[in-house]
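Subject: Structure handover

Hello,

Here is the structure for you to look through. My notes on what was found in it follow below.

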Amino acid sequence: MSTVSTEIAYQKCISPACAATYSLDEVLTGCPKCGELLDVSYNWDQVPVPQSLRDFEKRWSNRNHPIDFSGVWRFRELLPFAQDDQIITIGEGQTMLKASNPVAKYAGLNDDCLYLQYEGLNPSGSFKDNGMTAASTHAVMVGAKVAACASTGNTSASLAVYASVAQKFKVVVFVGSGKIALGKLSQALDYGAKTVQIQGDFDDALARVREVCNEEGIYLCNSVNPFRLEGQKSIMFRVLESLNWEVPDWIVVPGGNLGNSSAFGKAFMELKALGLIDRIPRLAIINAQGADTLYQLYEQEGLRWNGGNYDRAASTDFFSQMDQENRRASTLASAIEINRPVNFSKSLRALDVCDGVVREVTDQQILDAKAQVGAGGLGCEPASAASVAGAKLLKSEGVIASSDRVVCILTGHQLKDPNATVAYHSATDEHMDEKLTSHGVNKAPFSNGPIVVENDLDKIIKVIRSL
């Protein structure tokens, strides 16, 4: 354990009972003392934090500077662990927050009350780039020669593109058998990553990659890496920026490995402590019904952060029973098809900080919401639409009011997993794709499939006029 009281940035165990600290040059994915997760922490009195979030607007006019162009690093005083000349960036974070009245109507909200934060505009097509720029920066800081991750697709694509741009380290990707969307796998292959496909699912792949990294001294880039979550905080900074620095009422986010929700909670906790916001929004984490560990433990079993003294035995027993019954995650929303979320404890903290709730939605609800998001002008991968499905559910329960200002996080681009999209829009009352029905999707009320017509001008015109 290192003494780091004089350092601006350091790593710290999130357990208040432990609170062990470690220097930045130690490559850790958990506290060696107690096994709990780590934060990247700061001595804020040594950081030139702006007096107001509006001060960051000065960087808008310096977009020819790579780190001011980045939607992560232009907020670097709020994640000050790296020097400017150490930063690895590919122009991530050029994303947008868009009010969507059609989606608001679908969810039961008033006009101008539902916003979509579209992270599919990142270079690799998903939110992962926000965290991977930070993890890649730290990897270079500590001299890593090889980096690795387990992935359902987005993490591998993001890590691979950063490695190919930085040319500082090689990449190995672990995937489960048949558990990665081809659109995502193609990115990792194209960017030069070496892919290891094991017999098992994501949870198996993550367990193996953690063992391999520990044995071989490889830098692990999954969201158990605390630097990943530092970068992902910036999604909330950009949301506030887009709302003229006003805090929304709700942030609704899909829950997979729970990195985003954990990062968002940390972001708001720090902003409030620094006096940069006067209140914290509520947080809703949405699980797919086929991968609902957090929902089961938080909403059904009543597990809470409890000042860091959460009932670890309850979660341990839950996972043991899961193993005994060989329960596997199963959802068309492949990006959140995860049963053992590595950031489980941090998500409990985020829910505590943000007075949060957890819900589960079916694949039917996810794909219906996805179709509505697309019809409103922003295409997203299935996992993204869990946020909209969750907002609709919470509105129907009376938890979210129709006048609340709600931000739904769209985590990835629609071309990340086009198979589910095509299957849904090609479905008819007479024919539902087996890919859908095997996951409980038995109807497609918002399908927009191609119209088959003979190669005859009169018949084509007749179809066109009927539209």
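**The sheet with strand 3**

Tyr10 stands opposite Ser41 in strand 3. Strand 1 (residues 9-13) pairs with strand 3 in the antiparallel sense, over 5 bridges. Both belong to an open sheet of 3 strands in the order 2-1-3, with antiparallel pairing. Strand 2 (21-22) and strand 3 (38-42) are its edge strands, each pairing on one side only. Two strands pair here if DSSP finds at least two bridges between them; helices (H or I, at least four residues) and strands (E, at least two) are DSSP runs, numbered from the N terminus.

**Basis**

This is a predicted model, in which local features need pLDDT of at least 70 and side-chain atom pairs count only at pLDDT 80 or more, while totals for chains, interfaces and linings use all residues. Residues are numbered from 1 along each chain as its sequence is written, and side-chain values use heavy atoms, with hydrogens and water left out.

**Cores**

A nonpolar core is a set of buried Ala, Val, Leu, Ile, Met, Phe, Trp, Tyr and Cys residues joined through side-chain atoms within 4.5 Å. Buried means under 20% relative accessible area, exposed over 50%, and partly exposed in between (1.4 Å probe, protein chains only).

The largest nonpolar core has 99 residues, and Leu53, Phe81, Met236, Ile251, Leu271 and Leu294 have the most contacts inside it. Helix 4 (residues 154-166) gives the largest share of this core, 6 residues. Another core, of 36 residues, lies apart from it and includes Ile286, Val361, Ala383 and Ala385.

Leaving aside neighbours within four places in sequence, Leu53 is in contact (heavy atoms within 4.5 Å) with Leu78, Leu240, Trp245, Leu271, Leu276 and Ile277.

**Single residues**

Ala99 is in strand 4 (residues 96-99). It counts as partly exposed because its relative accessibility is 33%. With neighbours within four places in sequence left aside, Ala99 is in contact with Leu114 and Tyr115.

Leu258 is in the loop between strand 10 (250-254) and helix 9 (259-273), and is buried, with a relative accessible area of 3%. Asp355 is in the loop between helix 12 (344-353) and strand 12 (357-361), and is partly exposed at 48% relative accessibility.

**Helix 17**

Helix 17 (residues 457-466) is hardly covered: among its 10 residues, the count of buried ones is 0.

Regards
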